[in-house]
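Biologist: I would like to go through this model term by term. For each label, give me the value and the cut-off behind it.
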Amino acid sequence: MKNKKRTTIYDIAEKLNIAASSVSRALNNSNYVNETTKKLILKTAAELNYKRNTLASNLRKGQSKTIGVVVPFINQNFFANVIAGIEEATYQKGYNLIICQSSEQLDKEIKCINTLINQHVDCIVISISVDTTDSAHLQHVIDNGIQLIQFDRVVDDLETLKVINDNEQASFEAVSHIIEQGYKRIALLEGPQTLQIFRQRKTGYLNALKKHGMPILDELIIENAWTKELGAKATRKLLNLPEPPDAIFASTSDFSALGVLEVASALGIKVPSQLGICGYSNEAFTEITSPSITTIDQFSVYMGKTVANLYFQEMDNDSETEVVPKIISIKPKLIVRSSTKRKG
């Protein structure tokens, strides 16, 4: 069955045999249309189920009042909470969101960006995929006069508004806590080093080991262990070493830490007495695993609100003024749970 054609002002004008401009003025409550005609037009519009095209109306005013958001995954707690924070702030301003998922694929990310540009959004907010090593598509956003805000995973050399975490300090504090609990051989599951956030987390890990006078062992650092499956694979490799680690810091995500926990449980390794586990992001499941998983809270909802408010602050500035690149850093918080508690 075909969808009914959407009613336009021209349909109303034709039915009443009046000019479309008069219909438009009446629907916008203009004083140039007398009250009798205005009431007739509004009554006819209701009968024909006329719906105002707010996008077209906003575009005529020079904006769409729509913000596009591109994230690697919608169903991860961190990104879902960031989106919730953005939505809460934008709703209060009468803005709409269009949400896209890149699925960690550069090609899909580029398609998302092009779609949002074609939708005439006022701003694009993005956390880049692990595949993203080129920023040409993001520069395309700027070249089209659309505000670009990067968060969490950002392109280092692209000067835009950015909202990030202090990843290095958070990792330093996490590894220092693990050391203070008496663990001696601490492994690192790291994410793709093409992304700044994973390089920063690795630096925090290395600095903590150095500060506490512990050796840095290449055999305990596993690259690209950033999913549950890769975390599990890395854990099996580590536990098969002649001298296996007694703690694993999954700096990539809590999903990777969950992979560690599942392997440890399958092998009968006791957590935390035989193996300490720390994740990153404070996914909801970390509270209900057995044992619960020590992690790092990135204050994701607050990050989303910060992103949206940063855009509105720029909007309030003189529109002729060029946007000055700005970086807002949010300090994460270590949440100590059962998976690393060997003391106290």
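Modeller: Let us start with L106. Setting aside neighbours within four places in sequence, L106 is in contact with S129, D131, T132 and H137. Bear in mind that this is a predicted model.

Biologist: What makes these residues contacts of L106?

Modeller: Contact means heavy atoms within 4.5 Å. S129, D131, T132 and H137 meet that test with L106. L106 itself lies in helix α6, residues 106-118. As for F255, its C-alpha is 22 Å from that of L106, and the two are 149 residues apart in sequence.

Biologist: Why is α6 called roughly parallel to α7?

Modeller: The axes of α6 and α7 cross at roughly 10°. Angles under 35 degrees count as roughly parallel, so the label follows. That is why α6 is described as roughly parallel to α7. The two axes come within 10 Å.

Biologist: Which residues of α6 and α7 meet?

Modeller: From α6, they are L106, E109, I110, I113, N114 and I117. From α7, they are H137, L138, H140 and V141. By class, this contact has 6 nonpolar, 3 polar and 1 charged residues.

Biologist: Now S129. Why does S129 count as buried?

Modeller: Buried means under 20% relative accessible area. S129 has 0% relative accessibility, and therefore counts as buried. S129 sits in the loop between β3 and α7.

Biologist: Which residues are in contact with S129, leaving aside its neighbours within four places in sequence?

Modeller: They are S102, E104, Q105, L106, E109, R153 and L195. L106 and E109 also belong to the α6 side of the contact with α7.

Biologist: What makes the phi of D152 worth a remark?

Modeller: Phi of D152 is near 60°, a positive value, and D152 is not a glycine. D152 lies in the loop between β4 and β5. N224 likewise is not a glycine and has a positive phi, of about 55°. N224 is in the loop between β7 and α10.

Biologist: How do you know whether D152 is buried or exposed?

Modeller: The relative accessibility of D152 is 4%. The limit for buried is under 20%, so D152 falls on the buried side.

Biologist: Why is N224 called partly exposed?

Modeller: N224 has 37% relative accessibility. Buried ends under 20% and exposed begins over 50%, with partly exposed in between. N224 therefore counts as partly exposed.

Biologist: Why are α10 and α11 called oblique?

Modeller: α10 (228-239) and α11 (254-266) pack at an angle of about 45°. Roughly parallel needs an angle under 35 degrees, and roughly perpendicular starts at 65. The two helices are therefore oblique to each other. Their axes are 7 Å apart, and the crossing is right-handed.

Biologist: Which residues make that contact?

Modeller: On α10 they are K228, G231, A232, T235, R236 and L239. On α11 they are F255, S256, L258, G259, V260, E262 and V263. The contact has 6 nonpolar, 4 polar and 3 charged residues by class.

Biologist: What is the packing angle of α1 and α3?

Modeller: α1 (9-16) and α3 (35-47) pack at about 115°, with axes 10 Å apart. The crossing is right-handed. I12, K15 and L16 of α1 touch L40, I41, T44, A45 and E47 of α3. That contact has 5 nonpolar, 1 polar and 2 charged residues.

Biologist: Which residues touch the most other members of the largest nonpolar core?

Modeller: V125, I149 and F151 do, in a core of 23 residues. β1, α5, β3, β4, β5 and α12 each supply at least two residues of this core. I149 touches C123, I124, V125, I126, L161, V307, L310 and Y311, not counting residues up to four places away. A second, separate core has 21 residues, among them A170, L209, M214 and C278.

Biologist: Which peptide bonds are cis, and what are their omega values?

Modeller: P272 lies in the loop between α11 and β9. Another is the bond from S290 to P291, with omega near 0°. P291 is placed in the loop between β9 and β10.

Definitions and conventions:
Residues are numbered from 1 along each chain as its sequence is written. This is a predicted model: local features need pLDDT of at least 70, side-chain atom pairs count only at pLDDT 80 or more; totals for chains, interfaces and linings use all residues. Side-chain values use heavy atoms; hydrogens and water are left out. Axes are lines fitted to C-alpha atoms, for helices over the stretch in contact, and angles run from 0 to 180 degrees between N-to-C directions. Helices (H or I, at least four residues) and strands (E, at least two) are DSSP runs, numbered from the N terminus. Angles under 35 degrees count as roughly parallel, over 145 as roughly antiparallel, 65 to 115 as roughly perpendicular and the rest as oblique. A crossing is left-handed if the near helix is turned anticlockwise from the far one by less than a right angle, and right-handed if clockwise. Ala, Val, Leu, Ile, Met, Phe, Trp, Tyr, Cys and Pro count as nonpolar, Asp, Glu, Lys and Arg as charged, and the others, Gly among them, as polar. A nonpolar core is a set of buried Ala, Val, Leu, Ile, Met, Phe, Trp, Tyr and Cys residues joined through side-chain atoms within 4.5 Å. Buried means under 20% relative accessible area, exposed over 50%, partly exposed in between (1.4 Å probe, protein chains only).
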